[in-house]
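Hi,

Here is the structure we talked about. Please have a look, then read my notes below.

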Amino acid sequence: MDVSEFLYPTGIAVAATLVLYLVRGIILRIARKWAEKTSIGLDDAIIHSLRVPSLYWCLAIGIYAGIVFSDLPDRHVELLTTAIYVILVISITLAAGNLAGSLFNNYIRKSEIPMPSTGLAYGIIKGTILIVGFLIVLNILGVSIAPLLTALGVGGLAVALALQDTMSNLFAGIHILLEKSIRVGDFIRLENGQEGYVEDITWRTTRVRMLPNNMVVIPNSKLSQSVVTNYYLPEKRMSVLIPVGVSYASNPEFIERILVEEALGAVGNVAGLLAEPAPFVRFIPGFGDSSLDFTLICQVKEFTDQYLVQHELRKRIFRRFTEEGVEIPFPQRTVYLKQEQA
């Protein structure tokens with residue numbers, strides 16, 4: 001064929017692609033301005049997911065326009081048509097993967113379902129869609145999928161045997177996500193005493209940010225086998241027990257009234273201290289070696305609030321005891337000396 005016969009459809013394809021690209025930019029700009037005026041996040045997720053795949057669509061439509069206005073041989077038309085199908089499948093796969101991941105994150109964030117939006121969950125959703133798209137592309141290109149799936153099955157078995165530790169961490173992470181006993185954002189304590197906020201649950205490890213702002217990286221298989229205390233389940237609110245000891249000369253009813261008054265007076269002034277359920281006092285453990293031992297019990301919003309609450313309440317109680325003349329005893333021991341006869 002003459003070179004000019006190729007240049008004409010090529011020019012049409014390039015021109016159509018450029019025009020569609022300009023139209024795409026205008027449509028996306030209008031859509032973004034419209035999405036900014038709405039409060040729902042679905043439109044933002046859709047626009048973000050279609051931003052890159054729409055470039056492929058412009059290219060596919062441009063190539064199709066070049067084919068329509070050309071007299072190319074059938075074999076060239078078939079190759080270009082196959083290329084259009086591949087471009088469309090790839091773009092739709094990318095759009096579907098991005099949209100599914102965005103919708104999943106948006107749904108989990110806005111719903112009250114106690115399920116984390118983690119890198120592992122996002123990766124599983126997006127990876128599944130990409131694998132399906134890859135298999136469709138192979139089918140379009142004429143590559144038989146059945147032998148590939150067989151080879152992948154045998155190869156997957158060999159890889160699983162070679163990477164037992166990695167696969168163990170992967171499935172342990174999936175188990176943690178499905179069980180929902182540990183979620184992103186929860187405050188947990190491990191059996192070795194380390195404690196902190198769960199930052200992320202990935203395909204291999206779980207990251208826990210400790211209170212000193214250090215990060216503990218725990219393999220998922222180790223975490224699933226450990227005894228873990230979750231201070232955010234079944235809810236964030238928790239009880240704080242503050243032991244108080246006074247002299248045996250003190251009146252128990254008077255001490256109880258002082259402790260409750262100071263706790264109620266701190267509500268609203270001390271961050272994290274809750275008014276409901278109301279603070280109360282129990283004469284427990286009771287009769288100590290040198291003191292009458294009481295326990296002040298109050299509620300805080302979450303685990304880390306207990307430190308400031310205990311700090312402020314102890315200062316208030318000590319100041320009130322000083323004003324009321326209540327003695328805080330120290331341990332006393334009576335020693336008897338026995339002198340033996342000569």
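Start with the largest nonpolar core. It has 28 residues, and Val246, Leu259, Leu296 and Phe321 touch the most other members. At least two residues each come from β6 (238-246), α9 (252-266), β8 (292-300) and α10 (305-324). Take Leu296: beyond neighbours within four places in sequence, its contacts are Val240, Leu241, Ile242, Leu259, Ala263, Pro279, Phe280, Val281, Leu313 and Ile317. Another core, of twelve residues, lies apart from the largest one. Leu190, Val198, Ile218 and Leu223 are among its members.

Keep in mind that this is a predicted model. Mean pLDDT for the chain is 82, with 86% of residues at 70 or more. Treat 112-116 separately: pLDDT there is below 50, although the stretch has twelve contacts in the model beyond near neighbours in sequence.

Next, the sheet. Five strands make an open, antiparallel sheet, ordered β4-β3-β2-β1-β5. β4 (215-219) and β5 (229-230) are the edge strands; each has a single partner, so one side of each lacks a neighbour in the sheet. Inside the sheet, β1 (residues 187-189) and β2 (residues 195-201) run antiparallel and are joined by three bridges. Phe187 sits opposite Tyr197 of β2.

Is Ser91 buried or exposed? Ser91 counts as buried, because its relative accessibility is 0%. Helix α4 (residues 74-110) holds Ser91. Leaving out neighbours within four places in sequence, Ser91 contacts Pro53, Tyr56 and Trp57.

Best wishes

Note on methods:
Residues numbered from 1 in each chain as written. Predicted model: local features only at pLDDT ≥ 70, side-chain atom pairs only at ≥ 80, totals over all residues. Heavy atoms only, no water. Core = buried A, V, L, I, M, F, W, Y, C linked by side-chain atoms within 4.5 Å. Buried < 20%, exposed > 50% of the residue type's maximum accessible area, 1.4 Å probe, protein only. Helix = DSSP H or I, 4+ residues; strand = E, 2+ residues; numbered from the N terminus. Contact = heavy atoms within 4.5 Å. pLDDT = per-residue confidence, 0-100. Pairing = 2+ DSSP bridges.
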